[in-house]
Amino acid sequence: MPGPGVLRADTNRSGSRQLHRGIIVRSVDALAVSQEPTEPAPSSIDGSSTTTRRRTLATLAATSGIALPAETTVAATDDARDAATEPDASTRDDAVADLPLFDAHTHVVPAETLGRDPLSADELVEWLDAVGIDRAVVHALDSPEAYPVQAPSWWVLEELEGHDRLVPFCTVDPRVDVYGADTVLERLESLVERGARGIGELKAGVAIDDERLERLYELCAEYDLPALVHVDDKAMLDAVGLPRFEDVLASYPGVDFLAHAHGWWAHVSADVSESDLGRYPERPVEPGGRVPELLAGYDNCYGDLAGMSGWNALTRDPEFGQAFLEDHHEHLVFGTDYLYPGHEIPHLELFDRFDLEREAWSAIRYRNLESLLG
Ligand SMILES: [Zn+2]
């Protein structure tokens with residue numbers, strides 16, 4: 001179902017959305033969510049101590065900002081990059097390769113999985129050096145739907161200690177609220193206190209607008225945490241056309257969402273079927289897809305190019321890929337989804353495959369992600 005012709009949506013306090021074209025789209029009242037970051041209910045937590053704690057956490061998050069390493073990191077790995085690409089690199093390519101590169105989507109994994117070796121933080125950094133990536137966001141995988149790959153948030157934080165180039169994102173499965181309304185709050189606060197800079201990746205087997213996620217989205221707004229959502233046919237579920245995700249984007253304008261995986265990226269094309277939500281469509285892209293529409297329509301919507309789903313979205317129809325990168329570079333972030341030692345990652349070829357201005361590449365390579373991290 002293609003959505004309404006969104007150019008830019010503003011959210012008003014009554015919960016309905018007015019588009020710049022003047023079209024009123026369906027109300028999000030049904031979600032029963034607030035538009036602004038809210039205080040915890042007085043019955044659930046003491047307000048004054050929460051405020052103090054929140055300020056401390058905000059300070060912690062601000063002071064744990066990580067400076068980009070010197071460009072010598074890139075220079076040191078140029079040999080490895082050059083060996084893998086054509087020797088006739090143009091001036092433009094050189095200029096692009098010198099830009100910092102920040103990976104929005106990597107992992108560390110504590111145990112052998114499907115016959116693949118575990119991946120430690122040291123090994124991840126070795127790989128970053130080998131391919132010329134300066135910094136990386138590292139995501140936890142903490143829901144049954146991520147099985148068999150599991151990387152609990154507490155372990156990711158522990159594993160990343162002392163690694164300044166790795167930025168931890170942690171996840172909270174919204175179903176922990178079965179233990180009480182404050183469980184999500186307590187869990188998220190302890191993760192932020194210990195260094196989590198965002199929520200990711202969210203891969204729980206619930207609808208992306210499930211009411212149990214509302215508290216988590218509200219807290220993301222309060223703590224200014226971006227959230228990476230893995231949308232497919234098993235997790236963060238939505239219908240063809242992504243109507244639920246659009247409601248979430250409109251309902252939480254203060255939360256930056258990084259959208260990832262099959263269910264999201266299939267929607268670069270207008271002709272999405274139910275089965276596309278869990279696979280990599282190969283046919284050419286039909287114009288008018290929901291991904292370009294949502295990226296253009298919502299300031300808080302970003303596309304994470306990681307994984308085969310992101311790669312496929314750009315390369316299944318190269319002419320579309322070129323135009324898409326040109327049009328939406330301010331809302332796209334480079335990512336790989338590196339998952340195990342020796343994992344072959346095609347994404348580093350993007351900079352040779354497509355032809356963008358240096359400024360557009362800088363947005364995709366690091367600038368957008370840095371701005372999301374505040
Ligand atoms: Zn991932």
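**Strands, helix and confidence**

G303 has L332 of β11 as its bridge partner. That contact belongs to a predicted model. Strand β11 covers residues 332–333, and two bridges pair it with β10 in the parallel sense.

β10 also pairs with β9. Strand β9 spans residues 257–260, runs parallel to β10 and is joined to it by three bridges. Here F257 is partnered by C301 of β10.

Now look at the two faces of β10. In a regular strand, side chains alternate between the faces of the sheet. In β10, residues 301–304, C301 and G303 lie on one side, while Y302 and D304 lie on the other. These four residues are all buried, so both faces are covered.

Turn next to helix α7, residues 183–193. Its buried residues are V184, L185, R187, L188, L191 and V192. An α-helix has 3.6 residues a turn, so residues three or four places apart point the same way. Past the helix comes G195, with a positive phi near 120°.

Step back to the whole chain. The protein has 15 helices and 11 strands. It has 374 residues, of which 45% count as buried. Of the contacts between residues at least 6 apart in sequence, 77% join residues at least 24 apart.

The average pLDDT is 81, and 75% of the residues score at least 70. Over residues 1–90, however, pLDDT stays under 50. Where pLDDT is low, the predicted coordinates should not be read in detail. The model has 108 contacts beyond four places in sequence for residues 1–90.

Definitions and conventions: Residues numbered from 1 in each chain as written. Predicted model: local features only at pLDDT ≥ 70, side-chain atom pairs only at ≥ 80, totals over all residues. Buried ≥ 20, exposed ≤ 12 C-beta atoms within 10 Å, placed from the backbone. Contact = placed C-beta atoms within 7 Å. pLDDT = per-residue confidence, 0-100. Pairing = 2+ DSSP bridges.
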